[in-house]
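Have the structure open and follow along.

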Amino acid sequence: MEFHHVSVMLEETVQGLVTSPDGTYVDCTLGGAGHSHRITELLHEDGRLIGIDQDEEAIAAARERLKDARCRVDIVHDNFRHLETILAEEDAEKVDGVLFDLGVSSHQIDTAERGFSYMHDAKLDMRMDPEADLSAFDVVNTYSEQDLCRIFRDYGEERWAKRIAAFIVAERAKKPIATTGELVDVICKAVPKAVRRAENGHPAKRVFQAIRIEVNDELGILEQAFRTAVQHLKPGGRIAILTFHSLEDRIAKRTLREMARGCICPPELPVCVCHHHPEIRLLGKARKASKAELAANSRAKSAKLRLAEKLPPYEEKERGKD
């Protein structure tokens, strides 16, 4: 099927990120190149875009969409967990902006055979990189009951995690759970009917989110990737982070706040002894999609955009705190 993805908060993100038409910008989650295409429209011939994605279908779609860009475009088939190495290989030690769009693309969700959606019956997969070893089938059929409960609780914030894990283990003892439809059936049996009637949304939504996060290690790589991005920003360069659920946003919020902090000495000390200094300046609070965008794209409902700017090199002061 044709690669289709509607970029969330497109203008807010790109306008907040791009500060120099001749700069170098990194899209760590290239996808169908929605944000990247808009970035290239703002860049001059001397500008540069580096796009990173682990999905070959996304890369093929991005190459086609960006083929007429007037700036330099370099596309890398990799995971942004390797951002440090990628920037070194691309000879881009310092850049003007880095974008993380952490949502699953509409294409991945809507392509039934990728196994991301609880709305389509397909083989259990959920790998963003189809060549990765771990799949949803492996998680569902080989993880212990305790580990299943943990990921449903921690990554899906599912209050019926323990019961769902127990039902999965009992079901797979009869035969492997091979498809999304079979998994949905087990989840629906585990969640009491009264709860399913009372709650909004599909009963499998949080479990599928949790499995997807586990399969792709979505949370484990975030903090270091954010810190690496800031490390490689030029002074005045910006980082933009789009999150789509509370777990991602907590990591983004905490990490950016820590990098924006100055002195962390106890308040009773008369002079600073920690020599800790802020690396970035936060550009306001998290932004949300407009009412007009929410009406046109329901997947923007949970989106939050956080922006920060790299500060100039710190100069030590002889006395006092920052």
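**A guided tour**

Ala 161 counts as buried, because its relative accessibility is 3%, which is under the 20% cut-off. You will find Ala 161 in helix H8, the run of residues 161–172. Leaving aside residues up to four places away in sequence, Ala 161 touches Cys 149, Phe 152 and Arg 153. There is also a C-alpha pair to look at here: Ala 161 and Arg 150 are eleven residues apart along the chain, and their C-alpha atoms are separated by 7.6 Å.

Before going on, a word about confidence. What you have on screen is a predicted model. The average pLDDT of the protein is 89, and 91% of the residues score at least 70. Where pLDDT is low, the predicted coordinates should not be read in detail.

Now for the cysteines. How many disulfides does the model have? The count comes to zero. For Cys 28, the nearest cysteine sulfur belongs to Cys 71 and is 16 Å away, whereas a disulfide needs the two sulfur atoms within 2.5 Å. Cys 28 is buried, at a relative accessible area of 2%. Cys 149, one of the residues that Ala 161 touches, is in no disulfide either. Its nearest cysteine sulfur is that of Cys 188, 19 Å away. With a relative accessibility of 15%, Cys 149 counts as buried.

Next, the backbone. Asp 91 has a phi near 55°, a positive value in a residue other than glycine. To find Asp 91, look in the loop between helix H4 (83–89) and strand S4 (95–101). Is Asp 91 buried or exposed? Asp 91 is exposed, because its relative accessible area is 70%, over the 50% cut-off. Met 126 is not a glycine, yet its phi is positive too, at about 70°. The loop that holds Met 126 runs between helix H5 (106–110) and helix H6 (136–142). Met 126 counts as buried, because its relative accessibility is 0%.

Finally, turn to the empty space. Rolling a probe the size of a water molecule over the atoms shows where such space is left. The structure holds two cavities of 30 Å³ or more, and about 390 Å³ of space lies in the largest cavity.

The last stop is a pocket. The second largest pocket has a volume of about 190 Å³. Its lining includes Gln 54, Asp 78, Asn 79, Arg 81 and His 82. Asp 129, Ala 132, Val 215, Asn 216 and Asp 217 are also among the residues that line the second largest pocket. By class, this lining has two nonpolar, four polar and four charged residues.

Conventions. Residues are numbered from 1 along each chain as its sequence is written. This is a predicted model: local features need pLDDT of at least 70, side-chain atom pairs count only at pLDDT 80 or more; totals for chains, interfaces and linings use all residues. Side-chain values use heavy atoms; hydrogens and water are left out. On a 1 Å grid over the protein atoms alone, a cavity is a set of points where a 1.4 Å probe fits but cannot get out, and a pocket is an open set with protein on both sides within 12 Å along at least five of seven lines; lining residues have an atom within 4 Å of a point. Grid points are joined across faces, edges and corners, and a volume is the space filled by probe spheres set on the points. Ala, Val, Leu, Ile, Met, Phe, Trp, Tyr, Cys and Pro count as nonpolar, Asp, Glu, Lys and Arg as charged, and the others, Gly among them, as polar. Buried means under 20% relative accessible area, exposed over 50%, partly exposed in between (1.4 Å probe, protein chains only). pLDDT is the predictor's confidence in each residue, from 0 to 100. Helices (H or I, at least four residues) and strands (E, at least two) are DSSP runs, numbered from the N terminus. Contact means heavy atoms within 4.5 Å.
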